[in-house]
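Visitor: I would like to go through this structure with you, a topic at a time. Shall we begin?

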Amino acid sequence: MGIKGLTALLSENAPGAMREQKFTSYLDRRVAIDASMHIYQFMIAVGRTGEQTLTNEAGEVTSHLQGMLMRTSRMLEAGIKPVYVFDGKPPTMKGGELAKRKDKREEAEAALKAAREAGNQEEVEKLSKRTVRVSKEQSMEVMKLAQLLGIPAFEAPCEAEATCAAMCKAGLVWAVGTEDMDTLTFAAPRVARNLMAPKSAEKPVLEFDYEKTIAGLGLTADQFIDLCILCGCDYTDTIRGVGPKTALKLIKEHGSIEKILEAIDTEKYPPPKDWEFAGARELFKNPEVMDVSGINLSWKAPDEEGLVEFLVKEKQFQEDRVRGVCARIRKARQGAASQNRLESFFGPPKIISSTIGKRKVEETKSGKGSKAGLNKKSKGVSGYKSKKT
DNA sequence: CTAGTCC
DNA sequence: TCCTCTGGCCCAAGACTAG
DNA sequence: TGGGCCAGAGGAA
C-alpha cells in the first residue's frame with residue numbers, strides 16, 4: 001500500500017509540506033480514519049501466541065474488538081473525534097495486486113501446514129500472521145462497536161482512503177489519520193501520521209499539507225498524481241529503472257506520463273506491458289466515494305448497556321473493563337465540554353463544497369488560527385531525510 | 001521496564 | 001566515479017497493568 | 001505485508 005518513497009521525496013523536495021505537531025494539538029479535532037486497516041493489524045497482533053488469538057467461548061475471534069475498543073477509548077480520551085470509514089469493494093484495477101496477495105497467502109498457508117506438522121513453533125507463528133484475513137462479519141462487528149461507542153462510522157463504496165479524503169475536502173474533518181500516503185494522492189487537504197503512536201513513544205504527529213505538497217514540488221494536481229503513479233502505487237507497475245527521484249525529474253521536465261513516454265529511451269527504461277497508467281490516474285482523480293454532502297457528524301455518549309450486551313454477553317469481555325472504558329470516555333466528554341475551545345472560538349467547521357479535481361480553497365478560514373496557543377513551537381521535521389551527504 | 005494478560 | 005534503483009534479508013506489525 | 005538497511009548493477013556525468 002501507499003506510494004513508494006513519497007515520504008522521503010517530500011522531506012527532500014517539499015519540506016514545508018510536512019510539519020510535526022504535538023499530539024495534544026489534536027484536542028477537539030475531527031479525524032477520518034480507515035478502520036479496515038486497523039482491524040487487519042489487530043487481527044495480526046492482538047493477543048497472539050502462535051496461532052492463538054483472543055476468542056470467545058464459541059471460538060470466534062475477538063482480537064479486532066479488543067484492539068478497537070482500546071484504541072478508540074484512547075483517542076477519545078485524547079480529545080480526538082474519530083470518524084471510522086470501512087473499505088467497500090476494491091476497484092477492479094486493484095485486481096492484479098489482489099491476485100498477487102492471494103497467491104502469496106495460499107503459499108503461506110501451504111507453508112503453515114508444513115510447519116505445523118513439523119512442529120516448528122516459531123515458523124507457525126510467523127506464517128499464521130501472513131494468512132490473516134478479515135471477514136465481512138468481523139468488519140461489521142467493529143462497525144457495531146463504533147456505533148455503540150457513539151462514533152460515526154460509514155462503509156465507503158470503494159476505497160476507504162478515498163472517502164476519507166473526500167470528507168476532509170468537504171470540511172467534515174480536520175485531517176485524515178493514516179499511515180498510507182495514497183491519501184495524499186487522493187488530494188486530502190491534510191494527512192496526519194503517527195496519530196496512534198503510544199503516549200510513551202514520544203512520536204510527534206506528522207502532518208502533510210496537500211497544497212503545500214504540490215506547491216513545494218512545483219507540480220499541478222494532475223502532475224502530482226502522475227508522479228505518484230511513477231513512484232509506484234497499488235494499481236499499476238512502474239517503469240523499471242525509474243524511482244522517486246527520476247520520476248520527479250521527468251515530470252518536471254515533460255509534464256505528464258504521456259510526454260515522458262515520448263521522450264525517454266524505452267529500451268533502457270521499459271514501461272510495463274499494457275501499462276494502464278491512465279486508468280490509475282482516473283482512480284486517483286475521480287475515485288468512487290461516499291456522498292458526503294449533508295452529512296452531520298455527531299459523537300454521542302457511549303451506550304453502556306448496549307456495549308455490555310454485545311461485548312460481555314456475546315463476546316465474553318470482562319464486564320468491569322467494559323464499564324471502566326465507558327466511564328473514562330464519559331469523563332473525557334465532560335472535560336471536552338468544559339474546555340471546548342475550538343468550537344466556541346471559531347464555530348463548527350465550514351462545509352466547503354468541492355469537486356474532486358476542481359480545487360480552489362486557498363483562503364481557508366477554518367484552519368489557520370485554530371492552532372494558536374496550542375503549539376508552543378514546532379521543531380523542524382527530523383528523521384525522514386535519506387541519510388546521505 | 002518487563003512479562004503477562006486481555007477473550 | 002557518482003547517483004539511483006533494485007533485490008535480498010530481517011523485523012515488527014496492540015495496549016494495559018501488575019510487579 | 002511493508003519498511004529499513006545493505007549489497008551490487010547499471011546508466012549518467
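**DNA contacts, strands and salt bridges**

Guide: DNA strand B is surrounded by Gly47, Leu54, Thr55, Thr62, Gln66, Lys315, Gln316, Phe317, Gln318 and Arg321. Please bear in mind that this is a predicted model.

Visitor: How do the residues of that surface divide into nonpolar, polar and charged?

Guide: The residues near DNA strand B comprise 2 nonpolar, 6 polar and 2 charged.

Visitor: Which part of DNA strand B lies within 4 Å of the protein, sugar and phosphate or bases?

Guide: Both are represented: 67% of the atoms of DNA strand B within 4 Å of the protein belong to sugar or phosphate, and the rest belong to bases.

Visitor: What does Thr62 contribute with its side chain?

Guide: Thr62 places a polar side-chain atom 3.2 Å from a sugar or linking oxygen of DNA strand B.

Visitor: Turning to the strands, is β6 buried or exposed?

Guide: Strand β6, residues 190-193, is covered on both faces. Arg190 and Ala192 are buried on one side, and Val191 and Arg193 are buried on the other. In a regular strand, side chains alternate between the two faces of the sheet.

Visitor: What does β6 pair with, and in which sense?

Guide: Strand β5, residues 175-177, pairs with β6 in the parallel sense over 2 bridges. Strand β7, residues 205-209, pairs with β6 in the antiparallel sense over 4 bridges.

Visitor: What is the partner of Lys245?

Guide: Lys245 forms a salt bridge with Glu12, and their closest N and O atoms are 3.5 Å apart. This pair links distant parts of the chain, with Lys245 in helix α11 (residues 244-254) and Glu12 in helix α1 (residues 6-13), 233 residues apart.

Visitor: Are those two buried or exposed?

Guide: Lys245 is exposed, with a relative accessible area of 55%. Glu12 is partly exposed, at 38%.

Visitor: Where in the chain are Glu77 and Arg328?

Guide: Their side chains meet in a salt bridge at 3.0 Å, N to O. Glu77 is in helix α3 (residues 63-77) and Arg328 is in helix α15 (residues 319-339), and the pair links distant parts of the chain, 251 residues apart. Glu77 counts as partly exposed at 38% relative accessibility, and Arg328 counts as partly exposed at 38%.

Visitor: What about Arg133 and Glu109?

Guide: The side chains of Arg133 and Glu109 meet in a salt bridge at 3.1 Å, N to O. Arg133 lies in the loop between α5 (121-130) and α6 (136-148) and Glu109 lies in helix α4 (residues 95-118), so the pair ties together parts that are 24 residues apart in sequence. Glu109 is partly exposed, with a relative accessible area of 30%.

Visitor: Finally, which residues are linked in a network of salt bridges?

Guide: Such a network links Glu304, Glu305, Glu319, Arg323 and Arg330.

Definitions and conventions. Residues are numbered from 1 along each chain as its sequence is written. Chains are lettered from A and ligands numbered from 1 in the order in which they are written. This is a predicted model: local features need pLDDT of at least 70, side-chain atom pairs count only at pLDDT 80 or more; totals for chains, interfaces and linings use all residues. Side-chain values use heavy atoms; hydrogens and water are left out. Buried means under 20% relative accessible area, exposed over 50%, partly exposed in between (1.4 Å probe, protein chains only). Two strands pair if DSSP finds at least two bridges between them. A residue is near a molecule or strand if one of its heavy atoms lies within 4 Å of it. A polar contact is a pair of N or O atoms within 3.5 Å; within protein, one must be able to donate a hydrogen and the other to accept it, and residues adjacent in sequence count only if both atoms are side-chain atoms. Ala, Val, Leu, Ile, Met, Phe, Trp, Tyr, Cys and Pro count as nonpolar, Asp, Glu, Lys and Arg as charged, and the others, Gly among them, as polar. A salt bridge is a side-chain nitrogen of Lys or Arg within 4 Å of a carboxyl oxygen of Asp or Glu.
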